[in-house]
Amino acid sequence: MEDKIKRNEFLKSLGLKGASLLAVYCGVSSLSSCQNEAVSPASGVDFTLDLTTPTYSKLNTTGNYIIANGIVVARVSSTSFAAVTQVCSHENKPNVIFSGGGFYCTQHGATFTTTGVGTNANGSKGIKAYQTTLTGTSLRIYS
Ligand code: FES
């Protein structure tokens with residue numbers, strides 16, 4: 001522990017903090033928390049999923065979701081989809097899933113609407129949501 005504190009002070013003296021600091025820790029140690037390291041939501045997103053492929057055909061059924069490029073894409077109803085970053089706004093853990101008609105973080109239970117609005121205390125910061133457009137069997141997800 002003392003070693004960790006000293007290292008923290010040393011890294012701070014280099015001007016590292018937040019995610020960079022965590023990245024350094026993960027690079028030099030075997031801390032179990034690093035298996036689930038904090039990451040940032042994707043920006044400049046624009047990709048298309050082919051819903052006829054085995055990987056993405058789950059999205060033809062309401063209530064299902066997949067994760068692609070760090071984004072949770074869900075089939076909300078027969079006519080609508082929703083997409084949010086996998087990275088929770090509570091403590092930046094990439095543990096967001098779709099459950100019960102909304103988005104949910106398995107880390108500490110933050111909940112969000114399909115448009116990314118937080119609906120409990122841990123979800124109060126909301127979560128980054130993306131646009132979705134279905135054209136035939138192609139689902140586009142974009143910022
Ligand atoms: S990191 Fe998601 S609820 Fe804490």
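**Strands, sheets and a core**

Guide: Gladly, and let us start with a pair of residues: Ile66 stands opposite Val73 in E3. Please keep in mind that this is a predicted model.

Visitor: What makes E2 and E3 a pair of strands?

Guide: Two strands pair if there are at least two bridges between them. E2 and E3 have four bridges, in the antiparallel sense, so they count as paired by that cut-off. Their hairpin has two residues between the strands, and Asn69 there takes a positive phi near 55 degrees.

Visitor: How do you know that E3 and E4 pair as well?

Guide: By the cut-off of at least two bridges. Strand E3 (residues 71-75) and strand E4 (residues 81-85) share five bridges and run antiparallel.

Visitor: Which order do the strands of the six-stranded sheet follow?

Guide: The order is E1-E9-E8-E4-E3-E2, in an open sheet with antiparallel pairing.

Visitor: Why are E1 and E2 said to stand at the edges?

Guide: Strand E1 (46-50) and strand E2 (65-68) each have a single partner strand, so one side of each has no neighbour in the sheet. Across this sheet, neighbouring strands are turned by 25 degrees against each other on average, direction ignored.

Visitor: What makes E6 and E7 a pair?

Guide: The requirement is at least two bridges. Two bridges join E6 to strand E7 (residues 111-112), so the pair meets that requirement. The two strands run antiparallel, and Phe103 stands opposite Phe112 in E7. The hairpin of E6 and E7 has five residues between the strands, with Gly109 at a positive phi near 85 degrees.

Visitor: How many bridges do E5 and E6 have?

Guide: Four, again in the antiparallel sense. Val96 stands opposite Cys105 in E6. In their hairpin, with two residues between the strands, Gly100 has a positive phi near 60 degrees.

Visitor: Why do E5 and E7 stand at the edges of their sheet?

Guide: That open sheet has three strands in the order E5-E6-E7. E5 and E7 each have a single partner strand, so one side of each is left without a neighbour in the sheet.

Visitor: Which residues touch the most other members of the largest nonpolar core?

Guide: Of its 24 residues, they are Val72, Val73, Ala83, Val84, Val96, Phe103 and Ile127. E3, E4, strand E5 (96-99), strand E6 (102-105), strand E8 (129-135) and strand E9 (138-142) each supply at least two residues of this core. As a general background, nonpolar side chains tend to be buried together in soluble globular proteins.

Visitor: What does Val84 touch?

Guide: Not counting residues up to four places away in sequence, Val84 touches Val72, Val96, Phe103, Phe112, Gly116, Ile127, Lys128, Ala129 and Tyr130.

Visitor: What share of the protein chain is buried?

Guide: Buried residues make up 24% of the 143 residues. A residue is buried if 20 or more other C-beta atoms lie within 10 Å of its own.

Visitor: How many helices and strands does the protein chain have?

Guide: Two helices and nine strands, running α-α-β-β-β-β-β-β-β-β-β from the N terminus on.

Visitor: Where is the pLDDT below 50?

Guide: The mean pLDDT of the protein chain is 83, and 73% of its residues reach 70 or more. Over residues 16-36, however, the pLDDT is below 50, and this stretch has 15 contacts in the model beyond near neighbours in sequence.

Terms used. Residues numbered from 1 in each chain as written. Predicted model: local features only at pLDDT ≥ 70, side-chain atom pairs only at ≥ 80, totals over all residues. Axes fitted to C-alpha atoms, helices over the stretch in contact; angles between N-to-C directions. Core = buried A, V, L, I, M, F, W, Y, C linked by C-beta atoms within 7 Å. Buried ≥ 20, exposed ≤ 12 C-beta atoms within 10 Å, placed from the backbone. Contact = placed C-beta atoms within 7 Å. pLDDT = per-residue confidence, 0-100.
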